[in-house]
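Welcome! Here is a short tour of one protein model, meant to be read with the viewer open. Please take a look at the sequence and structure first.

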Amino acid sequence: MIPVAVNDVAFSVHAVLITLVLLFQVVIYERGSQSISKITIGIITVVWVTVGVCFFIAFPSNSWLWLVSIFNTMQVLLTSIKYIPQAVMNFKLKSTDGFCIGNVLIDFIGGISNFAQMVTQSVDQNSWVNFSGNLGKVLLSLVSLSFDIIFMCQRYVLYPSNKTPSIPMSKLNDKVKEPLIKSLNQPLATNLHAAENV
């Protein structure tokens with residue numbers, strides 16, 4: 001039994017489509033001085049060469065399950081590589097300002113839901129092959145959840161945002177004398193008088 005459900009395939013197709021949209025946006029929108037780093041080019045080159053070599057090894061012997069396990073391993077490694085720079089940057093800056101925590105929270109909920117689905121299927125089928133037979137999915141979920149927890153700890157425990165308004169509210173209230181919307185029917189003095197009474 002190969003524990004691959006329809007939702008697993010749908011998730012993968014969705015991820016590929018969203019990645020293609022993002023790559024298309026990279027091509028068409030202005031990037032300014034941003035460019036792809038040499039390290040990234042090196043990683044992409046190694047990945048594609050590995051894919052090609054593994055495909056030509058698997059093709060003659062029809063070792064497609066072996067090829068899928070290689071791809072699972074690559075996916076886990078690439079996910080780790082994807083998260084590490086952000087965690088290191090947050091650590092070096094001792095700040096998470098500008099970092100979108102919303103995506104991390106959504107990813108964390110997705111990872112927990114993924115494990116809940118696997119447990120539910122395992123209990124329903126009276127077999128834990130969903131975990132042992134799909135090691136790539138389990139490892140990917142564990143890596144993602146681990147980094148999600150790291151990012152949440154960085155955001156809410158280690159480096160919480162301590163932004164305060166640059167102008168205290170008491171001074172801000174003293175400076176507001178005009179209403180946001182002026183009536184055309186009333187003279188300016190009436191509008192100011194109404195605003196002062198509010």
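## A pair of helices

How are helix 3 and helix 6 oriented to each other, roughly parallel or roughly antiparallel? In this predicted model, the axes of helix 3 and helix 6 (residues 135–158) come within 9 Å and cross at roughly 5°. Angles under 35 degrees count as roughly parallel, and helix 3 and helix 6 are therefore roughly parallel to each other.

The contact draws on both partners: helix 3 supplies Asn72, Gln75, Val76, Thr79, Ser80, Tyr83, Ile84, Gln86, Ala87, Asn90 and Phe91, while helix 6 brings Gly136, Leu139, Leu140, Val143, Ser144, Phe147, Asp148, Ile150, Phe151 and Gln154. By class, the residues of this contact of helix 3 with helix 6 divide into eleven nonpolar, nine polar and one charged.

## The overall picture

Stepping back, the secondary structure of the protein comes to eight helices and zero strands. Read from the N terminus on, the elements run α-α-α-α-α-α-α-α.

Of the 198 residues of the protein, 22% count as buried. Among the contacts with a separation of 6 or more, 65% are between residues 24 or more positions apart.

Just after helix 2, Asn62 takes a positive phi of about 55°.

## A buried asparagine

Next, find Asn114, which sits in helix 4 (residues 101–125). Is Asn114 buried or exposed? With 14% relative accessibility, Asn114 counts as buried, because buried means under 20%.

Which residues does Asn114 touch, leaving aside its neighbours within four places in sequence? Asn114 is in contact with Lys137 and Ser141.

The mean pLDDT of the protein is 81, and 79% of its residues reach 70 or more. Over residues 190–198, the pLDDT is below 50.

Notes: Residues numbered from 1 in each chain as written. Predicted model: local features only at pLDDT ≥ 70, side-chain atom pairs only at ≥ 80, totals over all residues. Heavy atoms only, no water. Helix = DSSP H or I, 4+ residues; strand = E, 2+ residues; numbered from the N terminus. Axes fitted to C-alpha atoms, helices over the stretch in contact; angles between N-to-C directions. Parallel < 35°, antiparallel > 145°, perpendicular 65-115°, else oblique. Contact = heavy atoms within 4.5 Å. Nonpolar A, V, L, I, M, F, W, Y, C, P; charged D, E, K, R; others polar. pLDDT = per-residue confidence, 0-100. Buried < 20%, exposed > 50% of the residue type's maximum accessible area, 1.4 Å probe, protein only.
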